Amino acid sequence: MPSERLTVRGVSEVGRFPGAAPPTRVEYSIQKEGEKKPEDGSCRRWFKKMCPCCCKRQNSTSYDITDKIELVKPPAPEPAKPKPENGEAKEMEEIKLSVRSVDQLSSKTGQNRQEHHTDLYHGDELIIRRGQTFQIDLELNRPFNAETDKMHLDLKTGPLPMVSKGTHIVIPLVDHLEDERWEAKIVAANGTKVKLSVNSPASAVIGLYGLSVVTSSMKGEAATTYNANKNIVMLFNPWCEEDTVFLDDEEERMEYVLNDTGRIYYGTEKQIGNRTWNFGQFHEGILDACLFILEKSDMPPSGRGDSVNVVRVLSALINAQDDYGVLVGNWSGKYSDGVSPAAWSSSVEILRKYHSTSGTPVSYGQCWVFSGVTTTVLRCLGIPARSVTNFQSAHDTDVSLTTDVYFDEDAEPIDYLNSDSVWNFHVWNDCWMARPDLPPGHGGWQAVDSTPQETSQGTFRCGPASVNAIRSGQVYLKHDTPFVFAEVNSDKIYWKRNLDGTFDQFHIEKKAVGHCISTKAVGSEEREDITHLYKHQEGSEEERIAVETASRYGSKPEVYSTPMAEDVVVEVRMEGEGPRMGADAKLSILVKNLSSEPRQTNLHSQVAVMYYTGVLKGALKKEQIPVELLPNEEKTIEWVLPYQQYQNELMDQAALMLTLSGRVSETQQLLANMTSFRLRTPDLNITPLGEAVVGKEMAAKITFTNPLPRALKDVVFRVEGLGLQKGHEVVVGDVSGHSTVTLTEHFIPTQPGPRKLVASLDCKQLTQVHGVADIIVLENKMEHVAL
C-alpha cells in the first residue's frame, strides 16, 4: 500500500434504515504504470401566532360529559337498529359535536399516497395531487347527525390566508362530489367514526396547507375548531386531465415525473459525452427544500396555482444572481471556496444544503448543475421535466436573432465587438404544460433555463418558452422565445470592417448553431435527439421561413437583404471520436473549390482555449496556410496541436476553438470557419463486488488511470448512490503520470430495486471524469421473516 493519506468526508445520508448507517470504510491503492415527537410545521406555527384561540388543540379528556348530563340507558339491542326516541335524540342534540382526532391516512402504503403517486416521497405527511379525491378519517365525540349537525373543513396556506385569493379554502359537506370543486362527502360512518372523501379542483394552489375541522349545529351556536397536527402538501397532477401539466402517456410520466435519476449530455456535437445525475426528488428533505424555495420567492401564494408562473419564478430562484437563489454560477476555474461544478453528480446535497442554511446560496454551479437542480425541483412539485443539451448553442446579446462575428480589414477578429458567442454546449430544461396564455397549438414542451445569462424583465431567468413557437419562428410569443430561438437556430453572420469604419457582411453560416439537441430517452439509458422539436430540417424551406420570420422581430430586420455568392468552402473534420487528453490534437482542414476556375487563398488559423460558454481564454497557436486550388479541386490539410502547447492551459471542459479566416484572391470572397472540439477524458470504471441485498454489506471497485504523462495534484473522488451509499468525498492526493488508482467502497444497500452508484473525479488538471454502475438490489428475505 502507498503512503498517501486517505480522507473520507461525509456529504449526505441516504436510506430508510436509520439505525444502520452504511460504513465509511474505503480501501484504495495507486499502481504506477507497470505497477421523536413530531414538531408543529411552519404553517401551524403561524396559525398559533396569528390566532391562538383558534389553534388550541381540542383535548378529548376535557369533554367529560358524565359530569354535566345524565344519560338515559338505551334499550336492549335488537336485530334491526331502532331509531332513537325523541327524548334520546334531544339529549344527543344537547351534546355539542366536536372532533377528537383526525387521521389523514398519510401512510406511504395507504390508499391516498398510492392513488396520488406520492408513495415514493420520504416522510409521513399527507402528500396529494390537485384535481383528485383523497380520504381522511375523523373520530367524533358522538355520532354525526346530518339533520342537526354542521361540519366543514378549512385549508389554509401562506402567511395571510384569504378566501378571495384561494389560499383559505372552506370545504363544505355535500351529498354528491363534482369535479373541479372543493367539496367533501361522508362515505362511511360507524358510530363516532366518520370517513370523508375530499375533492380538489385542478387549479388549486400548490404548497403546504394547514387543516382544520369546524363543527357546529343548525341552531347557530358557536363553532368548535379542531386543528390537525399534520400539514397537507398539495402538488401539481400530471395524471389529471384538467391540470395544466397533464401528460397523456404513462411511460413519459414514469420518466419525467417519477424517475429520480437521469443523464445529462455535454461535450461537442461530434464528441457527445454523458454523465448520470441523481435528481433525488423523493429523497429525505428535498420536498421540504422545494417548498422552502417557493416560500422564499416574492410570488404570492395565490399565484402558485399557475404552472407558467411557478416555472418562471423557479427559473429565477435556482440561480443566485440577483435573489439569493440556490446556486452561485462560477466560470472562473477557481473553486477553492466551494465545490467545482464538474464534481457534482446529484441535486440532493445542493438542495439540502441550501435549505439547512436558511437560503444561503451553494457554491458552485454551471449550466448542467443548474439544469439538474431545476429538473429535481420541477419533478418534485409534479411538473414533468427533463434536462436538455444543445450543442453549438448561441448566446445572442443584442436581440438581433443572429450570431455576429466581426473582423477587421486584415481578417483578424475584433475581440471587443464579438460579444455574441457560441457555447460548445449548453444545458437547460424542457417542462410540459398547456399554455392557455398563448394561441392554441403552443402547449406541450416549454424551454426554461435557470443558468444566469441575460435578464428577463429585470431578473436573470428564461422561459417558459413554447418549443413549438421556437420551431416556427414566432418569437413574439412569451416568455423569452427570441433568446431560445437564437440559441438553436440563429445564423452566424461574419462582418468585415471597411476603411471608413463601416461593416459589410461577407459570409452567412446558416447551419452554425443548434445541433444534436439531446435528452435522455424515455425508459432507457439511450440519448434521444430532439432537434426536430426545436427546428425544421436545416436548409429546408420551412426552416428558412422560420429564420426570416424571427429576424423581422430582431434588432437587425434587414440582415438578409444582401445575397452572398460562394464558390470556395472550408470545413474542419476530426477522425473517430476526436483527440484524447494527453496526446497531440489532430484535425483535418478540407478546402473545396466549387468553381471551374482556379482559386488561391491564404488561411489564417488560430486555436484558443475556450470556456464551454464560448468565451476564449487566449490563443495557443497561430499560423498562415497558403492554399492553391485547381478548378473543382479539394485539398485536405493536416492540422496538429502538440500536447506540450496545451497541457498547462486547459479549462474545465478541455475545450478548444479553431478559427479559420482568409480571402480568395480572384474573387475577394472572404472565408470563415469556427470549430470547437474537446479533448476526451477517460471514464471511471466501477465494478460491483458481491451480491446486492438490502441490509447486507457489499463493495464496489472503482479504477482510474491517469492519461497524462504528469502527476495529477489533490485528486478527490466523490461517491454517491441513492439507496446504496451516502454521498461522501475520498481525498486521494497526488496521482503520478499514467498511474492507476484502485478504490474499494464498502456499503450497505438500504433500498431494493435498480440502483446506480455514481462516482466522479475532481482535480485542477483533469475534469469531467466520472462513471456509473447499475446495481440491482434484492429484498432481504431474512428481514421479512424477522418482521
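What covers the buried residues of α12? The answer is given in the second view below, and the legends open with the conventions that apply to them. This is a predicted model, in which local features need pLDDT of at least 70 and side-chain atom pairs count only at pLDDT 80 or more, whereas totals for chains, interfaces and linings use all residues. Residues are numbered from 1 along each chain as its sequence is written, and side-chain values use heavy atoms, with hydrogens and water left out.

**View 1. An open sheet of 4 strands, in the order β3-β5-β9-β8, with antiparallel pairing.** Strands (E, at least two residues) and helices (H or I, at least four) are DSSP runs numbered from the N terminus, and two strands pair if DSSP finds at least two bridges between them. Because β3 (99-103) and β8 (183-190) stand at the edges with a single partner strand each, one side of each is left without a neighbour in the sheet. Neighbouring strands of this sheet are turned by 25 degrees against each other on average, direction ignored, where axes are lines fitted to C-alpha atoms, for helices over the stretch in contact, and angles run from 0 to 180 degrees between N-to-C directions. The antiparallel pairing of β8 with β9 (residues 193-199) extends over 7 bridges, and K185 has S197 of β9 as its bridge partner. V194, which lies in β9, is buried at a relative accessible area of 3%; buried means under 20%, exposed over 50% and partly exposed in between, with a 1.4 Å probe and protein chains only. Beyond its neighbours within four places in sequence, V194 is in contact with residues including I136, L138, F144 and I186, contact meaning heavy atoms within 4.5 Å. F144 and V194 are 50 residues apart in sequence, and their C-alpha atoms are 8.0 Å apart in space.

**View 2. The buried residues of α12 (residues 541-551), among them E543, R544, A546 and V547.** The cover over the buried residues of α12 includes α9 (467-472), α10 and β24 (491-497). Helix α10 (residues 481-489) is itself mostly covered, as 8 of its 9 residues are buried, including F483, V484, F485 and V488.

**View 3. Helices α5 (residues 286-296) and α7 (residues 348-356), whose axes come within 9 Å and cross at roughly 55 degrees.** This makes α5 oblique to α7, since angles under 35 degrees count as roughly parallel, over 145 as roughly antiparallel, 65 to 115 as roughly perpendicular and the rest as oblique. The crossing of α5 and α7 is left-handed, in the sense that the near helix is turned anticlockwise from the far one by less than a right angle. Among the residues making the contact are A289, F292 and I293 of α5 and L351, R352 and Y354 of α7.

**View 4. Strand β10 (residues 207-217), of which 11 of 11 residues are buried.** Strand β6 (residues 149-156) runs antiparallel to β10 and is joined to it by 8 bridges, with L211 of β10 as the bridge partner of L155. β10 is also joined by 3 bridges to the antiparallel strand β12 (residues 232-235), where V233 is the bridge partner of L208. A further 4 bridges join β10 to β11 (residues 224-227), again antiparallel, and in the hairpin of β10 and β11, with 6 residues between the strands, G220 takes a positive phi near 85 degrees.
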